[in-house]
Amino acid sequence: MAKKAASQDRTSLVIVESPAKARTISRFLGRGFTIEASIGHVRDLPQGAKEIPDEYKGKQWAHLGVDVEQDFRPVYVVPPEKRKQVAKLRQALKRAKDLYLATDEDREGEAISWHLCEVLKPQVPVHRLVFHEITKEAILEALTNPRQVDESLVRAQEARRILDRLFGYEVSPLLWRKVGSKLSAGRVQSVAVRLIVDRERQRMAFVPASWWDLWGTFAKRGGEAFQAELISVGGRRIPASRDFDPATGQPKEPSLLVLTEQEAAELAARLQNAPCRVAALEDKPYTSRPYPPFTTSTLQQEANRKFGFTARKTMQLAQSLYENGHITYMRTDSTNLAEVAIEAARDLVAQHYGREYLPDQPRYYRTKVKNAQEAHEAIRPAGHPFDLPDTLRGELSADEFRLYDLIWKRTVASQMADARGRRVTITVALGDAEFQASGTSLEFPGYLRAYVEGADDPEAELADRETLLPAVEAGETLEVRGLEAKGHTTQPPNRYSEATLTRALEEKGIGRPSTYAAIIDTILNRNYVFKRGNQLVPTWTAFAVCQLLESHLPDLVDYEFTAQMEDELDAISRGEKGHIEYLKNFYYGNTHPGLKEQLQNKTRSIDARQISRVLIGKPAGEGAEEIYVRVGKYGPRVEQGDRWANIPEGMAPDELTVPVALELLDRAQQSEEPLGHCPETGKPVFLKMGRFGPYVQRGTADDGEKPQSASLLKGMKPEEVTLSTALALLSLPRSLGVHPQTGEPVMACNGRFGPYVKCGQESRSLPNGLSPLDVTLEQALDLLAKPKPPRGAARRSEPIRVFEASPVTGQPVQLLSGRYGPYVTDGVTNASLPKTLAPEEVTFERALELLAERAAKGPAKRPARRTYARGTARSASPSAKKKAAPRAKQRSRK
């Protein structure tokens, strides 16, 4: 009886990835279910030598964590930060009558379910629950129709993981030896870097072209005026930007008429009194169809365009919306909508916009993206009917609301009628010249009433889309109200933004949209790229790495080869190709050399100096030497023969032209000439340009001691620095006098965080406008007398955000602002935020990931204490003995 009662008390254990998802699902399931979170993957390949099991240490392949000699068997370990959670899941499983694995429906989620089975080794029935939205209806439907873990999806994910491990762990050490430490290579990452570098190369090779044309103002007598642009003169076409070769700046066709400023002005004067008439009138209807619902990639692109969200932030917000039951699964390549979703969208169209905005038949969309993943649904509001955005305004954060509103509008607009309008083109004949004006009129806005891509306000955008022209007829005489010459210059191709890089990768079939956010984070953190506004600018390190890979491992950064790898990995997921066969071909080769063979002898054959040198150009003049950029241990520098100069931090590669490089070299050469000599020491005083800006220096390294240096104060310009200014800077810290109460010296200093005054243990920052070169003793005493602003614990007494309790420590997870930037803490472990992650982008799940990564590294290393063998005498200085004496007396009293 007791055993029967115990079995009746058992519940079904449901395991999901995150606590937020667990909370949402628990709302739909009764007391017979226990919901727990795995908090992501519970197993992975070893992250370092200390995680490799003892039985494999000493093997040649051990550093890879993959047995490349035995069918590429992966070595899986439970990371230290996951052991407590795994133990918790094992205890929960002991009380369960069956196990439901409710991880995400993609390959990664399938792999998490498989690893949970491998680690927990359940002795009860196991079911796989799959749903694309977290609603009561979807959860109950999944419970009614569970399935088994899909081995094909698991093997596809495992093959990707092993492939990425082999690529990264085999190629990255080559970069460390030949380019620089802390670099990394990756199957998608390296190709993304090459795309960005290739675009910068185009900008560097770009030659601008200039041309002039005319804008005319015309009107019927007494009628409304309109403007038209000159398109031809005497039968010769006026060029547009696309008509010039970006590499030479010359027109692509010799028949084009390229006007100078003077020629345009002369043409305007000649045409001023020429006969004018309407040569042609074209009036055509046009139709614009709605955009398909969002995929992962298009959502990232549109959120970046409309709101400036990074790919990571968009995915974090979407993850939160999904896990709280507001949208469908956010990692998808599909634009397909379920029938119930189509019905819900059409009902909303009829209710909110009117029947005239509803097409006769539902719209169906099919994915056009290369390598579309298994047939998921598009990203849309969850459930049916869809929740109206305004009903969720109080429940969602501001950014979550903006993203949900965007998804809602795009989904509803995808089921609306076409927009219809007319395009009118007027061709004006003025003498032997022709001008053209184009206008549009919107007859029916259709889907544009709800959603306009790239615009926040559809109503305002509709008004901007209309350009109305006055009614005219062919052959009608016009009067000339004015002719204005206008100049134009071609522009280099735009750099990639996160949105355009995402689109380029997807169009080429490289990688998966769900991984693009992590890829962009990686290339930023590895210093391959930096951001300038919304642009992704490559560093010179990225150029050096691309040169190495393009010259010695070209397949690994070839766009078509990488896309083909994606095709083959998709074939594995469909069960059409064996993963072991594929990994063997990649690593050992078949018809082409494999990775292992390609890497052989590369360490000896690659010339690091040649790889790390990028040609800038050659100055004009006979005998002039070429100018290069060299990427070195202490950063990039520009070189010409024996001359060299540091490149200023933040200068984009396309800005380092030959004239700019010569200016840097000349300035560096001038810095070898002293401003003068110090009257006290007789040493020369220099103004130098360093990697982080200008500074002054007294003496040289040839003097046998390290020369003294001092940075320029904020606002100082190098050209204004004189010998006296340099000596004043080198005098810091300078004594202002003695404190009248303590008798201690008062000093003026310039430190890492700016200028300040100090007396004993007390210091105060100098306010803006007060220089350490000019501050007086009285001003310093006044500052020191004021209370010191709170810092440290006092300053961060109020956390930026407080999340729920950590599953590891049980204490609330907090986001705080520290001396060295924002960080998260669970009461035991502190983890700094990466520089690419803004505080407002931090979610509870992301905070747990950061804390787990930091905990896995162990406590911060401290300098080791010096130890002595037993019996070895240890000498102490007289001062040390003097300090030790009082402590010895205290111990004897005790």
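Axes are lines fitted to C-alpha atoms, for helices over the stretch in contact, and angles run from 0 to 180 degrees between N-to-C directions. Helices (H or I, at least four residues) and strands (E, at least two) are DSSP runs, numbered from the N terminus.

The model is predicted: local features need pLDDT of at least 70, side-chain atom pairs count only at pLDDT 80 or more, and totals for chains, interfaces and linings use all residues. Residues are numbered from 1 along each chain as its sequence is written, and side-chain values use heavy atoms, with hydrogens and water left out.

**Exercise 1.** Describe how helix 3 and helix 4 cross, and what makes the contact.

Step 1. The axes of helix 3 (residues 83-94) and helix 4 (residues 107-120) come within 11 Å, crossing at roughly 75°.
Step 2. Helix 3 is therefore roughly perpendicular to helix 4 (65 to 115 degrees).
Step 3. Contact means heavy atoms within 4.5 Å. Helix 3 contributes V86, L89, R90 and L93, and helix 4 contributes L116, V119 and L120.
Step 4. These residues comprise 6 nonpolar, no polar and 1 charged. Ala, Val, Leu, Ile, Met, Phe, Trp, Tyr, Cys and Pro count as nonpolar, Asp, Glu, Lys and Arg as charged, and the others, Gly among them, as polar.

Notes
Angles under 35 degrees count as roughly parallel, over 145 as roughly antiparallel, 65 to 115 as roughly perpendicular and the rest as oblique.
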